[in-house]
Amino acid sequence: MGRAKLPRKSTNIDMTAMCDVAFLLLSFFILTTKFKPSEAIAVTTPKSVSSKVAPQKDYVQVIMDKDGKVFLEIENESKKEAIATALNSSHNLGLDVNAFKKAQFLGAPFSSLASFLKIPDDQRKGNNLPGIPVKDTANNELVEWMRVIKDSYSGEKAPALLLKGDNLAKYPAFKAIIDAFKKNDLLKFQMVTNPEGAPVGTDLWKKGQAGEKQED
Amino acid sequence: MAEMDTSSGGGHKKGPGVKKGKKLSTRVDLTPMVDLGFLLITFFIFTTTMSQATAMRLFLPKDADKPEDQNKAKESGVITILLGKDNHVFYYEGTLANDGSNFKSSNFHDIRQVLIDKKARTPEKDLVVVIKPSVECTYKNVVDMLDEMAINVLKRYALVDIAESEAQLVKISDQSAPAAGQN
């Protein structure tokens with residue numbers, strides 16, 4: 001009996017092609033990763049189980065840092081122009097409209113807003129800035145800001161109103177911001193948080209397991 | 001793994017007294033490099049989608065000037081949560097007794113069980129949670145408490161200003177209770 005002799009073939013595969021594809025994919029992902037713009041104001045937001053994504057466009061964001069200082073960020077550039085001109089005419093501030101448009105955020109009382117815009121971009125960091133005064137209930141400048149913003153959007157779809165607060169900010173600053181919203185009849189707003197999963201065993205977790213969508 | 005093929009160089013003869021007479025082959029196995037390449041790719045695939053911040057909605061009720069417009073809550077279904085300094089949490093059910101006998105203290109971890117118990121005992125249409133942050137509590141405390149509302153699926157809740165008497169009670173209790181750790 002002769003045994004069947006299977007011809008043995010070489011099992012060396014040339015891996016060059018797979019290596020090329022791997023590096024091509026890698027380069028693609030490296031180049032398409034967009035880094036978040038380094039923020040001038042460092043804020044650590046709290047975690048929440050909310051799963052709704054924060055809007056990336058057409059929003060007005062109020063930032064509250066750990067010392068309770070308040071800053072405003074308006075995403076829509078054309079609206080910023082309208083707001084700057086409105087402020088110039090109503091308060092006679094003499095603002096540079098272009099600098100206002102380019103500023104990533106605003107954080108100074110009305111009286112020093114013009115000089116705030118004159119500070120060069122890289123020096124405009126959160127630590128040395130005064131922020132918008134809100135603590136004094138008689139002089140809550142955020143009320144005026146929200147009024148001007150709301151007027152500039154009159155007739156159009158209202159922008160998403162976001163509040164990004166730091167974990168360590170104390171309640172009075174938060175309350176002052178909410179009061180500013182209430183006085184302008186802005187009753188719906190969203191708080192920016194870090195995502196976290198629903199804790200196991202709670203009602204929300206059970207809802208998630210049952211496949212119900214998280215309503216809000 | 002990388003191998004060194006030494007068989008092909010056996011035929012050379014350099015001369016007397018030479019230690020290395022064999023020519024070594026330069027074949028390198030590329031498997032580990034491809035492994036690293038794919039590892040890096042998967043890293044970038046996962047990190048590009050994970051950095052979106054989420055948003056938590058909050059609807060504020062209109063400030064009612066007339067007391068009769070304010071929502072009336074049944075006393076048996078109300079639980080009031082007070083947020084104090086240093087992550088302290090206090091609560092009471094119904095209205096605050098004059099001697100403060102139903103004023104209890106808790107922390108962020110245990111309050112969930114308290115809320116679950118209250119939810120189990122109360123019919124859904126009567127259950128209201130009133131959150132009163134004090135002047136000393138932090139933004140994180142408030143957001144965590146609002147988060148507890150979402151976690152326990154409590155639909156009716158309100159964020160209200162603290163009354164003077166309650167603020168005093170919280171201040172005294174803050175000083176006597178030890179600083180609680182965060183959840």
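**View 1. Parallel pairing of β5(B) and β6(B) in the predicted model.** Strand β5 of chain B, which covers residues 128-133, pairs with β6(B) in the parallel sense, and three bridges connect the two strands. One residue pair that can be picked out here is B:Ile131, whose bridge partner in β6(B) is B:Leu159. As the model is a predicted one, local features are described where pLDDT is at least 70.

**View 2. The open five-stranded sheet of chain B.** The strands of this sheet follow the order β4-β3-β2-β5-β6, the sheet is open, and its pairing is mixed. Its edges are formed by β4 (104-106) and β6 (157-159) of chain B, each of which pairs on one side only. On average, and with direction ignored, neighbouring strands of the sheet are turned by 25° against each other. For orientation within the chain, chain B has four helices and six strands, and the pattern read along its sequence is α-β-β-β-β-α-β-α-β-α. Of its 183 residues, 23% count as buried, and among its contacts with a separation of 6 or more, 62% come from residues 24 or more positions apart.

**View 3. The side of chain B that touches chain A.** The contact between the chains takes 39 residues from chain B and 50 residues from chain A. On the side of chain B that touches chain A, α1 (31-49), β1 (54-59) and α3 (139-151) of chain B each supply at least two residues, and α1(B) gives the most, with ten residues. By residue type, this side of chain B divides into 23 nonpolar, nine polar and seven charged residues.

**View 4. Strand pairing across the two chains.** Strand β5 of chain A, residues 188-195, is joined to β1(B) by six bridges, and the two strands run antiparallel. Within this pairing, A:Met191 has B:Met56 in β1(B) as its bridge partner.

View 5. B:Ile41 is found in helix α1 of chain B. This residue counts as partly exposed because it has 19 C-beta neighbours inside 10 Å, whereas a buried residue needs 20 or more. When neighbours within four places in sequence are left aside, B:Ile41 is in contact with A:Ala22, A:Leu25, A:Leu26 and A:Phe29.

**View 6. The β2-β3 hairpin of chain A.** Strands β2 (residues 59-64) and β3 (residues 70-74) of chain A run antiparallel and are joined by five bridges. A:Val62 has A:Leu72 in β3(A) as its bridge partner. The two strands form a hairpin with five residues between them, and in the turn A:Gly68 has a positive phi of about 85°. In chain A as a whole, the secondary structure comes to seven helices and five strands, with the elements running α-β-β-β-α-α-α-α-β-α-β-α from the N terminus on.

**View 7. Helix α2 of chain A and its buried face.** Helix α2(A) has 15 residues (77-91), which at 1.5 Å a residue should span 21 Å, and its end C-alpha atoms are 21 Å apart, in agreement with that expectation. The buried residues of α2(A) are A:Lys80, A:Ile83, A:Ala84 and A:Leu87. Seen down the axis of the helix, the buried residues of α2(A) fall within an arc of 100°, so they line one face. An α-helix has 3.6 residues a turn, so residues three or four places apart point the same way. The cover over the buried residues of α2(A) includes β3, α3 (97-102) and α5 (141-152) of chain A, while on the other side of the helix A:Ser78, A:Ser89 and A:Ser90 are exposed. Just after α2(A), A:Asn92 takes a positive phi of about 55°.

View 8. A:Gly107 lies in the loop between α3 and α4 (113-118) of chain A. This glycine is buried because 22 other C-beta atoms lie within 10 Å, where 20 or more are required. Leaving aside neighbours within four places in sequence, A:Gly107 is in contact with A:Lys69, A:Phe71, A:Leu129, A:Pro130, A:Gly131 and A:Ile132. Of these, A:Pro130 is 23 residues from A:Gly107 in sequence, and the two are 6.6 Å apart in space, C-alpha to C-alpha. Of the 216 residues of chain A, 30% count as buried, and among its contacts between residues at least 6 apart in sequence, 69% join residues at least 24 apart.

Notes
Residues numbered from 1 in each chain as written. Chains lettered and ligands numbered in written order. Predicted model: local features only at pLDDT ≥ 70, side-chain atom pairs only at ≥ 80, totals over all residues. Buried ≥ 20, exposed ≤ 12 C-beta atoms within 10 Å, placed from the backbone. Contact = placed C-beta atoms within 7 Å. Pairing = 2+ DSSP bridges. Expected span 1.5 Å × (residues − 1). Arc of directions from axis to C-beta. Axes fitted to C-alpha atoms, helices over the stretch in contact; angles between N-to-C directions. Nonpolar A, V, L, I, M, F, W, Y, C, P; charged D, E, K, R; others polar.
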